[in-house]
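Here is a walk through one model, beginning with a surface feature and moving on to charged pairs.

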Amino acid sequence: MDYYELLGVKKGASDAEVKSAYRAQALKWHPDRNKSPEAVNKFKEVTKAYEVLSDPKKKEMYDQYGKDAFERGGFGRASQNQGGNPFGGAGPFTYTYSSSGGNPFGNDTEGFSDPFEIFEQFFGFQSPFGGGGRRAKRRDVYEMVLEFDEAVHGVEKQTVIKGNQKTIKIPAGVDTGMRIRFADFDVQVRVKPHTFFKREGQDIYIEKPISYTMAVLGGNLDVPTIDGSVKLKVRPGTQSGTTIRLRGHGIVHPQSTAKGDEYVIFKVHIPERISGKAKKLLEEYERETS
């Protein structure tokens, strides 16, 4: 399949569009997260596509010659005798590994870097899904507990690593289970829950109680977000469970400027007791609508 199609972008897509598309596809097909039979091959394919389209020289060659420029037996071998391929039959790139576990995909990825290495370099930390895709070199791992706001906005923390005091910079957007790679050690993150925000990936959810009167008549109210409160309009006739999406008010992705969304779930508060006057008004309303 065409590399642009694999990532779901058009030819001529910007670097930011290519990165955003790879992020979504890599998380979708990572074999530690996706247990479907085709996940391994799809993860390998989208990583190949990203490696080529994110590199200006490789992208230029791909746009000119297509996938044959990078695959043994294709463009390289066919044009070798015509002087068209200065890199020979194996294509211009060398397959290298930095893990001790060998090639998890077999030999059909020759000519490309280890997909897991690209994934880890792209996200700035090891796989948050458990690390089952391959065996990594043994590294010292330190757990760091973060407050919700520290994980959301990023923080610098003083801690002791290998007996020495160090300042550790935690990028914004990390979540429980993510492992951040430093030069000679890793930091595994555990995030404390928030009192009212609930997190799912980079999206956050909040239940917002509203009065019965506001649900019926509508109105305006302040809703908290991770960056302060926003004014939100409640439409007349709002039902309990109605959900409003606040686009871009979620959590930033690590090593990126893209953000998730916030979802506000309205919960209509029904009073247990009401005054006699209010009861009569409700009874009159019931008669009018019945």
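Leu-217 lies in helix H8 (helices being DSSP runs of H or I with at least four residues, strands runs of E with at least two, numbered from the N terminus). Leu-217 counts as exposed because its relative accessibility is 61%; buried means under 20% relative accessible area, exposed over 50%, and partly exposed in between, with a 1.4 Å probe and protein chains only. The model is predicted: local features need pLDDT of at least 70 and side-chain atom pairs 80 or more, while totals for chains, interfaces and linings use all residues. Residues are numbered from 1 along each chain as its sequence is written, and side-chain values use heavy atoms, without hydrogens and water.

H8 (212-217) and H9 (276-289) each supply at least two of the patch residues, and H8 gives the most, with three.

Eleven salt bridges are counted, each a side-chain nitrogen of Lys or Arg within 4 Å of a carboxyl oxygen of Asp or Glu. In one, Glu-143 meets Arg-190 at 3.5 Å, N to O. Glu-143 lies in strand E2 (140-146) and Arg-190 in strand E6 (185-191), so the pair ties together parts 47 residues apart in sequence. Glu-143 is exposed at 55%, and Arg-190 is partly exposed at 39%.

Arg-181 and Asp-186 form another bridge, at 4.0 Å, N to O. Asp-186 counts as buried because its relative accessibility is 0%, whereas Arg-181, at 31%, is partly exposed. Through shared partners, salt bridges join Arg-179, Arg-181 and Asp-186 into one network.
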